[in-house]
Structure formats: structure tokens, C-alpha cells
Amino acid sequence: ILLYYPYHKFSHFTEWLRHAAYDPKVRKIQISLYRVAKKSRIVAALIEAVKNGKEVTVNIELHARFDEHANLNWAEVLSNAGAQVTFGIPSLKVHAKICLISRIENEKLTRYAHIGTGNFHEKNAKIYTDFSLFTCQEDITNEVSQVFEFIKYPYLAFTFKHLIVSPINSRSTFDA
């Protein structure tokens with residue numbers, strides 16, 4: 001499903017995340033936050049997910065222009081709630097707008113991914129033009145999972161066929 005903001009409502013994403021927080025089949029939520037609203041429904045959903053026993057991993061970019069202080073506060077709030085908080089790669093700005101939800105379906109792990117061009121900021125989604133892709137296509141969700149692994153272990157080698165991930169394959173993709 002491809003959404004186009006502000007034509008579509010950003011609440012499609014926030015409700016998807018909120019439902020995952022309460023869904024007993026959801027085991028894990030991973031998200032990369034660059035910028036969020038002051039009264040973020042996204043952060044609220046992540047905290048609820050932790051309270052409901054889900055494994056929640058949040059990568060927060062500390063170098064988000066004008067939001068550095070807010071992001072430090074969000075990191076503390078999420079960490080105190082029990083989420084695993086990471087701060088990305090010291091030499092790189094992690095500007096990814098991705099979320100991955102892992103769910104057990106028919107005794108098998110199924111992943112659902114969100115890949116977007118905009119920030120996870122409810123107010124900005126009403127103003128700026130952005131796209132959001134929701135998919136459960138295994139090739140893509142596996143690569144989104146690898147992006148989270150790359151953020152955690154940037155010294156390991158990763159290969160991406162579907163996603164363009166800097167600094168791994170962006171130059172070679174655009175030069176081709």
C-alpha cells in the first residue's frame with residue numbers, strides 16, 4: 001500500500017503502530033526516529049507495546065537539526081519505559097524513516113514494514129508532501145531488517161537489492 005501525505009491521513013501509520021502495540025501476535029517492533037511530534041502518538045504506541053510485552057527497539061537520531069534536545073528527551077522516556085534505544089552510527093546521520101513489525105502468523109514469523117520519505121511527525125505530515133510504503137513482501141522486509149542490523153553493527157557487510165542504503169549502495173545505484 002502506498003500512501004501520499006498530506007492527501008492521505010498520517011493516522012493510517014499511527015493506528016497501524018497502535019494496533020501492533022496491542023496485538024498479542026506481535027512480538028517485536030523496530031523503528032528509526034528522526035523527528036516526532038511534541039505529543040507523539042508514535043512514542044505513546046511504542047510505550048504501550050513495551051507494557052504489553054513486545055520487544056521494542058528504537059533508533060533515535062541525535063543530530064536531527066533543531067530537534068536534538070527533544071530527541072534526547074524522547075530517548076530517555078522510551079528507555080525508562082523499557083524500550084531498547086540506540087543512537088545509530090557515530091560517523092553517519094541515520095535519516096531512515098522505517099518501521100518493522102514482526103508478528104507470529106500460523107506458527108511462522110511474518111514481517112510488516114513501513115518505508116517512508118517523511119519523518120514520523122504527525123503535525124509535519126499534514127504540511128509536507130511525502131510517501132509511505134506499507135509492505136509484507138518478504139524480500140523487502142528482510143532488507144528493512146538488515147537496515148536495523150546495519151545500524152547496530154555497521155562494521156558487518158550487508159547487501160541490498162531492493163533498498164538504497166547509504167553509504168552501502170546509494171552511489172553505485174545512482175551511477176548505474
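This report describes the overall fold of a predicted model and then its sheet, its helices and its aromatic residues.

Local features are given where pLDDT is at least 70 and side-chain atom pairs where pLDDT is 80 or more, while totals for chains, interfaces and linings use all residues of this predicted model. Residues are numbered from 1 along each chain as its sequence is written, and side-chain values use heavy atoms, with hydrogens and water left out.

**Overall fold**

The protein has 5 helices and 7 strands, where helices (H or I, at least four residues) and strands (E, at least two) are DSSP runs numbered from the N terminus. Read from the N terminus, these elements follow the order β-α-β-α-β-α-β-β-β-β-α-α. The radius of gyration, taken over C-alpha atoms, is 16 Å, which agrees with the value near 16 Å for a compact globule of 176 residues under the rule of 2.2 Å times the number of residues to the power 0.38. The C-alpha trace spans about 45 × 45 × 35 Å along its principal axes. Of the 176 residues, 46% count as buried; buried means under 20% relative accessible area, exposed means over 50%, and partly exposed lies in between (1.4 Å probe, protein chains only). Among contacts with a separation of 6 or more, 65% come from residues 24 or more positions apart, a contact being heavy atoms within 4.5 Å.

**Sheet and helices**

The 7 strands form an open sheet with mixed pairing, in the order β1-β7-β6-β5-β2-β3-β4, and two strands pair if DSSP finds at least two bridges between them. Its edge strands, β1 (2–5) and β4 (84–86), each pair on one side only, and the twist from one strand to the next averages 15°. Strands β5 (residues 98–105) and β6 (residues 108–116) run antiparallel and are joined by 8 bridges; R103 has T110 in β6 as its bridge partner.

Helix α2 (residues 41–51) lies across β2 (26–33) and β3 (55–60), running at about 150° to β2. Helix α4 (residues 138–152) packs on the sheet, where it touches β2, β3, β4, β5, β6 and β7, and its direction makes about 75° with that of β6. For these angles, axes are lines fitted to C-alpha atoms, for helices over the stretch in contact, and values run from 0 to 180 degrees between N-to-C directions.

**Aromatic residues**

Rings of Phe, Tyr and Trp (its six-membered ring) pair if their centres lie within 6.5 Å, with planes under 30 degrees apart counted as stacked, over 60 as edge-to-face and the rest as tilted. By this rule there are 9 aromatic pairs. The rings of F10 and F13 lie 5.7 Å apart between centres with planes at 40°, so the pair is tilted. W16 and F134 form an edge-to-face pair, with 5.1 Å centre to centre and 85° between the planes; W16 belongs to helix α1 (residues 11–22) and F134 to strand β7 (residues 130–135), 118 residues apart.

Ring pairs link Y5, F10, F13, W16, F120 and F134 into a cluster, and the table gives the accessibility of some members.

| Residue | Relative accessible area | Class |
|---|---|---|
| Y5 | 2% | buried |
| F10 | 8% | buried |
| F13 | 0% | buried |
| W16 | 21% | partly exposed |
| F134 | 13% | buried |

Y5 lies in strand β1, and its contacts beyond four places in sequence include F10, F13, A125 and F134.
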